[in-house]
Amino acid sequence: MNREDLLFSIRTLICSRDAAAFASIASTTHALDLVEALDLFGTDATLALLMLLPPPARAELFAHFPDGAQDALLTAMPRDAVATLFEHLPSDDRADLYHRLDDAARQHLLPALAKVERDDLLRMAAYPEGTVGAVTTSDYASLGPQMTVADAIAHLRRTALDKETINILFVLDHDRRLRGSVTLRDLVLADGHAPIASIMCSPPTTAEAHWPQLQAAELIRRYDLLALAVTHADGRMIGIVTVDDAMDIEKQQDAAQLARFGGTVSAQGNDLDVRSTPLTQMFRVRVFWLAILTGFGILTSTFVAAQEELLSQVIVLAAFIAPIVDMGGNTGSQSATLVIRSMALGELTLRWRDVWFVVRRELPVAAGLGVTIAVLEAILAYFSKGVGMDVLLVVGSSMLVCTALGGIIGALLPFAARRIGTDPATLSSPMITSIMDLIGVFIYFGFAYLFLGDLLVAAA
């Protein structure tokens with residue numbers, strides 16, 4: 001079904017409330033496409049259609065809505081439907097949603113849940129946000145080492161329906177300590193009388209629940225895992241992080257780094273969201289960063305104003321201030337972005353060897369960029385403004401040094417941030433640009449005094 005047909009069908013179903021028809025659409029349309037279409041019809045209409053679905057299908061579709069839409073739907077949903085929804089959501093989604101509820105909503109929810117779901121929810125919700133435990137699901141498939149292959153297959157047929165994945169099966173002893181793992185392929189191909197202990201692999205890679213969740217995503221990517229076992233510090237297994245969870249973690253990390261690099265993160269570390277962030281908060285965060293950058297601008301303008309005598313003698317110099325200082329900031333932002341990306345991928349760490357490697361790589365590139373841009377700027381200055389050779393020397397030399405120095409400084413700033421214990425991504429692009437603006441005017445007027453200082457002496 002194409003998008004136009006889907007929208008027409010949803011619009012019709014909002015009026016007809018045909019449960020069978022909507023269930024058919026939900027079963028034949030990808031959940032993300034259906035969520036995107038429902039977003040156009042508002043919370044009330046979306047909730048009315050969701051309530052037509054059986055609880056398992058309703059929970060499956062609900063899990064694909066973004067956080068803001070989930071919160072709005074939950075607020076409008078009847079109390080008994082909320083409890084039913086929580087019972088059918090995957091445990092990690094359930095814990096995320098529980099974290100976002102206020103105290104009153106939690107007090108109403110918990111008594112309505114069965115003891116098994118309530119205990120699992122409280123256990124998973126106990127892990128702080130940002131830890132591996134907070135994104136762990138307890139819906140994983142496990143086997144005992146003493147089982148035969150035939151017993152294990154029969155066990156999976158009884159229990160697999162509610163599991164997040166059965167491609168990897170974890171072998172646990174009676175204390176729930178991880179002893180090994182078996183792939184579904186190996187299980188299906190093995191002799192039915194063979195014990196699981198004879199076909200399992202050695203204990204797989206694990207993560208501990210209190211680790212930062214980005215560490216789990218890195219392990220999944222590094223070892224190409226479909227699911228990563230999560231354990232307590234004592235070795236008891238509590239759940240898994242799946243590859244799609246890892247993709248979500250890294251997506252959030254990328255978005256957070258982009259927000260920080262753009263200078264749109266609050267002092268508490270919260271990213272701004274153009275859809276959900278209140279206008280007052282968006283104003284406060286952005287004005288905070290812009291106020292800091294204004295301070296850099298005042299320093300820069302104060303220094304430029306102090307050069308009034310030189311500018312009065314060679315007024316054309318004022319025309320080149322902006323392009324020269326901007327080029328240093330642009331080059332610095334480019335270099336910083338490349339280094340921060342490599343750090344995020346684990347390719348660079350805070351080691352002198354890596355610092356020296358980046359410097360060696362950046363030096364020839366920055367020098368080449370400096371020479372190329374300086375020559376281009378001088379040519380354009382000559383033909384557009386007809387300036388003399390002395391001014392061309394000032395402009396060309398300043399552009400060369402600012403461009404090259406911007407590249408080197410931009411490449412080193414992420415290492416400096418990591419050295420003082422902060423996330424390199426907190427180096428916002430506007431901040432780098434403002435720093436290079438200040439350095440750029442010092443360089444520019446330094447060359448101006450070097451090549452044109454005799455004009456001041458003559459005027460005196």
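# A walk through the predicted model

Alanine 227 sits in strand E5, which covers residues 227-231. Strands here are DSSP runs of E with at least two residues, helices are runs of H or I with at least four residues, and both are numbered from the N terminus. At 8% relative accessibility, alanine 227 counts as buried. Buried means under 20% relative accessible area, exposed means over 50%, and partly exposed lies in between, using a 1.4 Å probe and protein chains only. Which residues does alanine 227 touch, not counting those up to four places away in sequence? They are Thr165, Phe170, Ile240, Val241 and Thr242. Contact means heavy atoms within 4.5 Å. Threonine 242 is 15 residues from alanine 227 along the chain, yet their C-alpha atoms are separated by 4.2 Å.

This is a predicted model, in which local features need pLDDT of at least 70, side-chain atom pairs count only at pLDDT 80 or more, and totals for chains, interfaces and linings use all residues. Residues are numbered from 1 along each chain as its sequence is written, and side-chain values use heavy atoms, with hydrogens and water left out.

Now the overall picture. The protein has 21 helices and 6 strands. Of its 460 residues, 43% are buried. Take the contacts between residues at least 6 apart in sequence: 67% of them join residues at least 24 apart.

Just after H14, aspartate 224 takes a positive phi of about 55°.

Next, the charged pairs. A salt bridge is a side-chain nitrogen of Lys or Arg within 4 Å of a carboxyl oxygen of Asp or Glu. By this rule there are 9 salt bridges. One of them joins aspartate 71 and arginine 100, with 2.9 Å from N to O. Aspartate 71 lies in helix H6 (residues 67-76) and arginine 100 in helix H8 (residues 91-100), so the pair ties together parts that are 29 residues apart in sequence. Aspartate 71 is partly exposed, at a relative accessible area of 29%. Arginine 100 is also partly exposed, with a value of 29%. A network of salt bridges links Asp67, Asp71 and Arg100.

Aspartate 120 is worth a stop. Its place is in helix H10. Is aspartate 120 buried or exposed? It is buried, with a relative accessible area of 8%. Arginine 94 forms a salt bridge with aspartate 120, and their closest N and O atoms are 2.6 Å apart. Arginine 94 lies in helix H8 and aspartate 120 in helix H10 (residues 115-125), so this pair ties together parts 26 residues apart in sequence. Both arginine 94 and aspartate 120 are buried. Aspartate 120 also meets arginine 123 in a salt bridge, at 2.9 Å from N to O. Here both partners lie in helix H10, 3 residues apart, about one turn of the helix. Arginine 123 is partly exposed, at 40% relative accessibility. Leaving aside neighbours within four places in sequence, aspartate 120 is in contact with Ser91, Arg94 and Ser138.

Move on to methionine 436, found in helix H21 (residues 429-459). Methionine 436 is buried, with a relative accessible area of 2%. Beyond its neighbours within four places in sequence, methionine 436 is in contact with Val325, Gly328, Gly329, Cys402, Leu405, Gly406 and Ile409. Leucine 405 is 31 residues from methionine 436 in sequence and 8.9 Å away in space, C-alpha to C-alpha.

Rolling a probe the size of a water molecule over the atoms shows where empty space is left. On a 1 Å grid over the protein atoms alone, a pocket is an open set of points where a 1.4 Å probe fits, with protein on both sides within 12 Å along at least five of seven lines; lining residues have an atom within 4 Å of a point. The second largest pocket holds about 350 Å³ of space. Grid points are joined across faces, edges and corners, and the volume is the space filled by probe spheres set on the points. The lining has 16 residues, of which Leu338, Val339, Val358, Arg361 and Glu362 lie nearest the centre of the second largest pocket. Helix H18 (321-344) and helix H19 (352-385) each supply at least two lining residues. H18 gives the most, with 7 residues. By class, the lining of this pocket has 8 nonpolar, 4 polar and 4 charged residues. Ala, Val, Leu, Ile, Met, Phe, Trp, Tyr, Cys and Pro count as nonpolar, Asp, Glu, Lys and Arg as charged, and the others, Gly among them, as polar.
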